[in-house]
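Below are my notes on the pocket and the ligand site. Please read them alongside the model.

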Amino acid sequence: MASSNFLDWLLTREPERRLRLVNAGLALIMMTLAVLVLHIWCWLGVVDGVGLWPWTIASIGGLAAMFLASRSGWTRHLADPYLAMPQLLYAIASGAVAYRIAGTGHGASLLLVALVLMFGTFGLPRRRAGWVAAYTVTVFGIAMYSGAVGQPSIFDPRAQVGYFVAFVVFVCGFVAANERIATIRRRVHIQKSALADALQRIHALATRDELTGLLNRRAMVELLEAEHQRAEEMDVPWCIAILDVDHFKRINDRFGHAAGDEALRTVSGVCAGMVRGCDSVARWGGEEFVVLLREVDAQSAQAAAEWMRATLERTPVRFDGTIVDLTVSIGVTAYIRDEDVASTLARADRALYRAKSAGRNRVHVG
Ligand SMILES: Nc1nc2c(ncn2[C@@H]2O[C@H](COP(=O)(O)OP(=O)(O)OP(=O)(O)O)[C@@H](O)[C@H]2O)c(=O)[nH]1
């Protein structure tokens, strides 16, 4: 428990920040282990120990300072606030120095730098990975050259040439592998967003009416069921208004089916524009629409329906240079506790039927 509190404090609880700080922490741990190996070698007599302590302090101290700088937030205004690139370059340089001071064990430093490259360049863009590779080859080339010139008995010059060539081949292969991984990641990313788009389209197809863009009947039934559930649990009122275009068949017959479609789009646009953000409008089928009015009583729902009816009466449908007038009849009902959605809908439907029978272009409450 105490250790998890300490880790939360050290690495924070913000997921993105924590991930970056964990990476920086791992780099520091790896460096500490490499330092430990060199000290054991020194103890075993493989390494003569010259420069070992300054290198130890510089290597661990440098990475620790960078960890603290990014953890404290000092670097948050930088383009690379977690100092990933400076840490990588620093660890590689430190590896090159280790190569030079590791005596007869210097070959192991190449393995350690392979580890650093593997972790540090994962996901780097192609150009940057190329620069890191060139930098790595350069600093290790300098270390090999300086070893061959300064201590030829330990750094056999011919072996250093062999090491250098093998190292260049390794780094080139590494960059190529990194590029392969980057390509696969890009492909996965593209497939992931294509899948998300497809899911969004499928969702729209399943819940939207194609002609008007309103919710379809299935989506409205789900909303009504959810509202019913909420009302049962929290005792909040809600109402349904069923709206039907009067003599719609005549509009189709007189002006054509396309004009009828335009009329349906106009009605849906007006209704959707008039309801509150918390209400929902759906095309129920044909020339019928259902409005779910949340948290209102029958009186307020009737007033809203009357306002809609009057607005639609005043709104002409423009189609192909002609103006089509239309009216609507609306049946309104308030949900009664303990009844099911089908019963509420049936009462609204009966109110609509009465509005039609009474001469159309009116609102009835049932
Ligand atoms: N243009 C068009 N017409 C549709 C669509 N869906 C249904 N209709 C037509 O809507 C008409 C509905 O007619 P009816 O049910 O007789 O009702 P009405 O003519 O509106 O008469 P009342 O409802 O009694 O006022 C039919 O002619 C259907 O073909 C559609 O998507 N586009």
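1. By class, the largest pocket is lined by 29 nonpolar, 8 polar and 3 charged residues. Here Ala, Val, Leu, Ile, Met, Phe, Trp, Tyr, Cys and Pro count as nonpolar, Asp, Glu, Lys and Arg as charged, and the others, Gly among them, as polar.

2. The model is predicted: local features need pLDDT of at least 70 and side-chain atom pairs pLDDT 80 or more, while totals for chains, interfaces and linings use all residues. Numbering runs from 1 along each chain as its sequence is written, and side-chain values use heavy atoms, without hydrogens or water.

3. The largest pocket holds about 1,000 Å³ of space. A pocket is an open set of points on a 1 Å grid over the protein atoms alone, where a 1.4 Å probe fits, with protein on both sides within 12 Å along at least five of seven lines; lining residues have an atom within 4 Å of a point. The volume is the space filled by probe spheres set on the points, which are joined across faces, edges and corners.

4. α2 gives the largest share of this lining, 13 residues. Helices are DSSP runs (H or I, at least four residues) and strands likewise (E, at least two), numbered from the N terminus.

5. The ligand has 16 residues around it, with H247, F248, N252, D261 and R283 the closest; the criterion is a heavy atom within 4 Å. By class, this shell has 3 nonpolar, 5 polar and 8 charged residues. α10 supplies its largest share, 4 residues.
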